[in-house]
Amino acid sequence: MTSTPVSPSLTNTIHGDRVSLLRVLGPVHVWALGVGIVLVGEFTGWNFSADKGGALAALIVCWVVGLLYTSVAMIDSEVTSTVAAAGGQYAQAKHIVGPLMAFNVALFLVFAYTMLEVSDAILVGDLMVTVAGTEGLERHGFVVLTIAVLAWLNYRGVLMTLNFNFVITALAYLSILVLFFSVQPWSQGAVLQLGQLVTPENALPYGWIGVIAAFQFGIWYYLGIEGTTQAAEEVRSPSRSLPYGTMAGMITLLIAAAITWYVCASLLPWEYLGFTFFPLYDAARVTGSGALEFIMFWGTVLSAVASANGCINDAARAWFSLGRDRYLPSWFSAVHPKYRTPYRSILFLLPIALAFAFIADLNQAITFSILSGVLQYTFMSINIMMFRRKWPLGSIRRGYTHPFHPLPAIILFLLCCVTFFAIFLGFGTQLIAMVAFYFLISLWFHFYRYKFVRRGDQFTMPWPKPQGY
Amino acid sequence: MARYTPPVQSKSAQIFDIVFVVGAIFVALWLPLKLGLAGAAKAIDKIDSPTWETLGQNATMSGIWEKLGYTPETAHDIIQNRFHYVIDWPTLIVMAAVLIGYFVFLFRASDKEFRDVIAEKFDEKS
């Protein structure tokens, strides 16, 4: 790796208010941000892939979607270590494809993370209500408390937020390992019953079309790992911290996903696995161990809190970036004079998250998030091709150069196409409605809003003119 | 290329823009929920007087269901609630057309805007 030239936007204060985000984060915080957002996917969400295709389909997509995300992490590491600016993929799109794409990518990010935050808060609320078992107890109080406290934490500073995330993410991860070793994974039949629960008759109840359909929720194993790039303006060394933190996060998640599938598929019938909101917690219940049940209860809660915390961080930075470039009113680009956080964006998105936590249920919120995520990955596969074409290797200094180009981009694009088809199988109307929204809001931006944007000021990287222009 | 100077937007117009975007977000996310278009397309394949055997559950499976607090009657709607995958070609074609049209518009319009950005950024220097 080589050192990366720092974007001018990182060090000066020409945008918006006269303070900038604070550079205090290292690779550990990048790991905590990425894994913290995603780890909740092992505690809930991935199991709906068993609902769509059976237990074996959930395992197949665990690995194949893992390949999709490995491509995402490789591509993201190269582009972000070179375009190190808050907004992550938004800043990439702005410098490589163009303003309208950047506007859309920022909305993908805000939707994906806000809906993921909503899912997390619903999970906390539902789990509390389920475990309490008290007649008339509603989840809403827990939902509001979770979102409001985390928004306050984000308001107070990024270092404290991500230190907190590191601790609770590590504890949640540890809870999965404790469950794994407690059920004697080396000895099938002692506690685990994989052979009895996943049989030749029920392994793929819908056949291979079920495997394809399962891609939709297979995304949930890893959705959000690309959020590490949102911290680009707050890490001390983007060229080192972002690739290390992202790749280490991806390895961590691949291990967690495999362990989670093995334990859950060996303890729960596939129909229940596809139905429950708390697969790891229910797996612990089935073992009959009160201690494991207690550990997995807290593991689920901590993973959801860590994810919501990271999502607030990322969604706010994407929204902040839109304001900074005047894609939205520049009022959103204010940085708190004391805490150095994008506080107006944090506060603005708070009631939106709360509103959807009240009107959506868990798998609907998850689907909204997945849809925005897959649209974003489709963009990323094309974006890296354009990046290499406009600025070939050697024309600018890259913090990291990913190997095997263009293979990861092609794999990513093909797997995105499969995932769109998977969403069509069961959730097609929702997909069409969301794309119609993005299309209409794009028309609004292109033909109206863009006239308020300064043209040349959007390009802040110290790069030569792109080839072909 | 001459440097583009954007018009000054009044505060009320800025507030209107924010309200428009937030309104559009709510319509996009809330309307499918309200119209019942969100959520999985599933249906329950009903079995009369279900038993663990008729529900396709072996002894290990039924033991686990019972540990989780279910009987064949209460587990029936979970086990029999299935997807019925039928490829509806007209809907698939509409979805593909919407997606492709969206991305084609995005890349073409973005490229037009990007050329202006590059022209102003780099031609000013030369």
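**View 1. Lining of the second largest cavity.** In this predicted model, the second largest cavity is lined by A:Thr114, A:Glu117, A:Ile147, A:Ala151, A:Cys311, A:Ile312, A:Ala315, A:Ala316, A:Ile346, A:Leu349 and A:Leu350. Two or more lining residues come from each of α7 (99-132), α8 (140-156), α15 (290-324) and α16 (343-359) of chain A. Helices are DSSP runs of H or I, at least four residues; strands are runs of E, at least two. α15(A) gives the most, four residues. The space is about 70 Å³. A cavity is a set of 1 Å grid points where a 1.4 Å probe fits but cannot get out; lining residues have an atom within 4 Å of a point.

**View 2. Where chain B meets chain A.** In chain B, 65 residues contact 94 residues of chain A (heavy atoms within 4.5 Å). About 7300 Å² is buried between them, 76% of it from carbon and sulfur atoms (accessible area lost, 1.4 Å probe, summed over both parts). On the chain B side, B:Tyr85, B:Tyr102 and B:Phe114 lose the most area, together 10% of what that side buries.

View 3. B:Arg3 pairs with A:Asp457 in a salt bridge, with the closest N and O atoms 2.8 Å apart. α4(B) gives the most to the side of chain B that touches chain A, with 24 residues.

Residues are numbered from 1 along each chain as its sequence is written, and chains are lettered from A in the order written. Local features need pLDDT of at least 70, and side-chain atom pairs count only at pLDDT 80 or more.

Conventions:
Heavy atoms only, no water. Buried area = accessible area lost by both parts, 1.4 Å probe. Salt bridge = Lys/Arg side-chain N within 4 Å of Asp/Glu carboxyl O. 1 Å grid on protein atoms, 1.4 Å probe; cavity = no way out; pocket = protein on both sides within 12 Å on 5 of 7 lines; lining within 4 Å. Points joined across faces, edges and corners; volume = space filled by probe spheres on them.
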